[in-house]
Amino acid sequence: MKLRIWVPSADRVRRWLMTIVLSLVALHLAGQSVKYFLGHGQLRGLVPIFNLEHESSVPTWYSACALGLAGILLGIIAAAKFAKIDRYRFHWAGLAGLFFFLSLDEIATFHELLIAPLREFLHAGGLLYYTWVIPGAIFVAAVGLVFAKFLFDLPPAIRRRFLLAGAVFVGGAIGVEMLGGLQADWHGKENIGYVLLVTLEEYMEMSGIVIFIHALLEYLMAEVREIRLSFGPAAPESVKGNPFQSGNEPKQGEELAA
């Protein structure tokens, strides 16, 4: 049996995902406007279900799926790199594992378990009100050091997109989160200022993932142009060999079109 999966262009996927992101942000802002200006905090459940900050909400499930999609794409690239015994195959696999964990954390919010004990231990407040940002920032720095050579050897266009995606995502997840913590510590969470900071934070996180997925698709289409699947005890002669066919592949480090 032959299985062929059509993948739309990276630009088209980016447009689709950004349309979803902007729609979710608009629905969130509409719901919060109804809550704060009209006094309807539920509106038959529509306000909380589109709240960007709630765990059990449509935006949260979208973010988890987007992170999972990035993990899948990274896994496909990693499989192709293992097939070629590429020097960076473990880096790609590590990134895939990281994004699958981030997808799970988006729903389970493991990182929030660190807030209360660290806040009590450090007597933290203000910008460090959400104390998970401390180990979070250390983890980001460690990942940056471990993957520095890997990033440097990527094609320049892909490297720039990876760095942009990381800057936007981390800027929202940690940078704007710290401002939101300051607002929550000083004025509480039930105010429009906090809502706007949450909106900016989540928008940056979701946009960063869209940029990253776009970069992964560009890299995947340049490096791994075709994946052939075989089902059965042995592959037929026509599909033996490397299952990741890519034709004339640019080597890691070569320029890709921006």
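Reader: Which residues of α4 are the buried ones?

Author: The buried residues of α4 are Trp92, Leu95, Ala96, Leu98, Phe99, Ser103, Asp105 and Glu106. Buried means under 20% relative accessible area, exposed means over 50%, and partly exposed lies in between, with a 1.4 Å probe and protein chains only. This is a predicted model, in which local features need pLDDT of at least 70 and side-chain atom pairs count only at pLDDT 80 or more, while totals for chains, interfaces and linings use all residues. Residues are numbered from 1 along each chain as its sequence is written, and side-chain values use heavy atoms, with hydrogens and water left out.

Reader: How many helices and strands does the chain have, and in what pattern do they follow along the sequence?

Author: There are nine helices and two strands, in the order α-α-α-α-α-α-α-α-α-β-β. Both are DSSP runs numbered from the N terminus: helices are H or I with at least four residues, strands are E with at least two. Buried residues account for 40% of the 258 residues in the chain.

Reader: How do you know what span to expect of α4?

Author: The expected span of a helix is 1.5 Å times one less than its number of residues. With 20 residues, α4 reaches 29 Å from its first C-alpha to its last, close to the 28 Å expected. The buried residues of α4 pack against α3, α6 (133-146), α7, α8 and α9.

Reader: What makes a set of residues a nonpolar core?

Author: The members must be buried Ala, Val, Leu, Ile, Met, Phe, Trp, Tyr or Cys residues, joined through side-chain atoms within 4.5 Å. The largest such core has 49 residues, and Trp92, Phe150, Phe162, Ile213 and Leu216 touch the most other members. Two or more residues come from each of α1 (10-38), α3 (58-83), α4 (89-108), α7 (148-152), α8 (156-187) and α9 (192-223). The greatest share, twelve residues, is given by α9. In soluble globular proteins, nonpolar side chains tend to be buried together.

Reader: Which residues does Ile213 touch, not counting those up to four places away in sequence?

Author: With that exclusion, Ile213 touches Val13, Leu17, Ala66, Leu69, Ala70 and Leu73. A contact means heavy atoms within 4.5 Å.

Reader: Why is the aromatic pair of Phe99 and Phe212 called stacked?

Author: Rings of Phe, Tyr and Trp (its six-membered ring) pair if their centres lie within 6.5 Å; planes under 30 degrees apart count as stacked, over 60 as edge-to-face and the rest as tilted. The rings of Phe99 and Phe212 are 4.8 Å apart centre to centre, with 15° between the planes, so the pair is stacked. Phe99 in helix α4 and Phe212 in helix α9 are 113 residues apart, and the pair links distant parts of the chain. Phe99 counts as buried because its relative accessibility is 10%, and Phe212 is likewise buried at 7%.

Reader: How do you know that the charged end of Arg119 sits over the ring of Tyr129?

Author: The criterion asks for NZ of Lys or CZ of Arg within 6 Å of the ring centre and within 35 degrees of the ring normal. The charged end of Arg119 sits over the ring of Tyr129, 3.9 Å from its centre. The charged end of Arg159 sits over the ring of Phe152, 5.9 Å from its centre.
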